Amino acid sequence: GDSVTQMEGPVTLSEEAFLTINCTYTATGYPSLFWYVQYPGEGLQLLLKATKADDKGSNKGFEATYRKETTSFHLEKGSVQVSDSAVYFCALSDSGANSKLTFGKGITLSVRP
Amino acid sequence: GAGVSQSPSNKVTEKGKDVELRCDPISGHTALYWYRQSLGQGLEFLIYFQGNSAPDKSGLPSDRFSAERTGGSVSTLTIQRTQQEDSAVYLCASSFGGTGELFFGEGSRLTVL
């Protein structure tokens, strides 16, 4: 079945550091890929998405590129801020009529001033 | 309201009791999902409703778990004879069609003593 693997956490960075959070997936079809974010005390919300190979999703300075050849969707940001401290989840939606999302385990990012 | 609403936000119960968790999705959203978030386990898919189609129950962990969606809107997740391992945050989400963009509620935290 479909699965998503995220790098182990937690991750702690200093403000303005470069961020990479790795995500790889296994899927039988041509999934859409997502990053969701959960800020402290808030519900999950969509951060960015990509629906086909080589697409780049971007939002709030974050980017991720859909790499079919490496089955990856790594999240990057050039300069993190304290306000980026949150839990980040990679997810996929298969291409069938059932669009439920399969999530990775999530990774906690802490950014210190 | 504008977002997905879940109640109760917190529930403490004794082992063996039944609990009901409620979800009120965003008006007009045709799809409704239940996930479970446990520490270190990420988001576990439970059940998915899409319009008038039969629900996808493939994620329900045992027959103690059931869910219904009345009138294509409000959903109730019922856990019978609760066990300590049922302790988790139960998240509801809704979406419009098959876009893969889910809108999450803030969850119901269940603690089974």
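Predicted model: local features only at pLDDT ≥ 70, side-chain atom pairs only at ≥ 80, totals over all residues.
Let me start with the strands. When I say strand, I mean a DSSP run of E with at least two residues, numbered from the N terminus, and two strands pair if DSSP finds at least two bridges between them. In general, strands of a sheet pair through backbone hydrogen bonds, either parallel or antiparallel. In chain B, 4 strands form an open sheet in the order E1-E3-E7-E6, and the pairing is antiparallel. Strand E1 (5–7) and strand E6 (65–69) of chain B stand at the edges with a single partner strand each, so one side of each is left without a neighbour in the sheet. Neighbouring strands of this sheet are turned by 15° against each other on average, direction ignored, where the axes are lines fitted to C-alpha atoms and angles run from 0 to 180 degrees between N-to-C directions.

Turning to chain A, strand E5 (residues 32–38) and strand E6 (residues 45–50) of chain A run antiparallel and are joined by 5 bridges. A:Phe34 has A:Lys49 in E6(A) as its bridge partner, and in the hairpin of E5(A) and E6(A), with 6 residues between the strands, A:Gly41 takes a positive phi near 75°.

Now to the aromatic rings. A pair of aromatic rings is described by the distance of the centres and the angle of the planes. Here, rings of Phe, Tyr and Trp (its six-membered ring) pair if their centres lie within 6.5 Å, and planes under 30 degrees apart count as stacked, over 60 as edge-to-face and the rest as tilted. How many aromatic pairs does the structure hold over all chains? There are 12 of them over all chains. One of these is the edge-to-face pair of A:Tyr25 and A:Tyr66, at 6.1 Å centre to centre and with 80° between the planes. This pair links distant parts of the chain, with A:Tyr25 in strand E4 (residues 23–26) of chain A and A:Tyr66 in the loop between strand E8 (62–65) and strand E9 (75–77) of chain A, 41 residues apart. Both A:Tyr25 and A:Tyr66 are buried, a word used for under 20% relative accessible area, with exposed meaning over 50% and partly exposed in between (1.4 Å probe, protein chains only).

Nine residues, if you follow the names with me, are linked by ring pairs into a cluster: A:Phe34, A:Tyr36, A:Phe89, A:Phe103, B:Tyr33, B:Tyr35, B:Phe45, B:Tyr48 and B:Phe104. Of these, B:Tyr35 is buried, with a relative accessible area of 0%, and B:Phe45 counts as buried at 12% relative accessibility.

Next comes the contact between the chains, where contact means heavy atoms within 4.5 Å. It takes 21 residues from chain B and 17 residues from chain A. The two chains bury about 1,500 Å² between them, 52% of it on carbon and sulfur atoms; buried area is the accessible area (1.4 Å probe) that two parts lose on being put together, summed over both. B:Leu43, B:Gly100 and B:Phe104 supply 28% of the area that chain B buries against chain A, more than any other three residues. Across this interface the rule finds 1 salt bridge, which requires a side-chain nitrogen of Lys or Arg within 4 Å of a carboxyl oxygen of Asp or Glu. A:Lys100 forms a salt bridge with B:Asp56, with the closest N and O atoms 3.5 Å apart.

Finally, some backbone details. A cis peptide bond joins A:Gly9 and A:Pro10, with omega about -5°, and the peptide bond from B:Ser7 to B:Pro8 is cis as well, with omega near -10°. A:Glu16, a residue other than glycine, has a positive phi near 75°, and A:Glu16 is exposed, with a relative accessible area of 61%.

Notes:
Residues numbered from 1 in each chain as written. Chains lettered and ligands numbered in written order. Heavy atoms only, no water.
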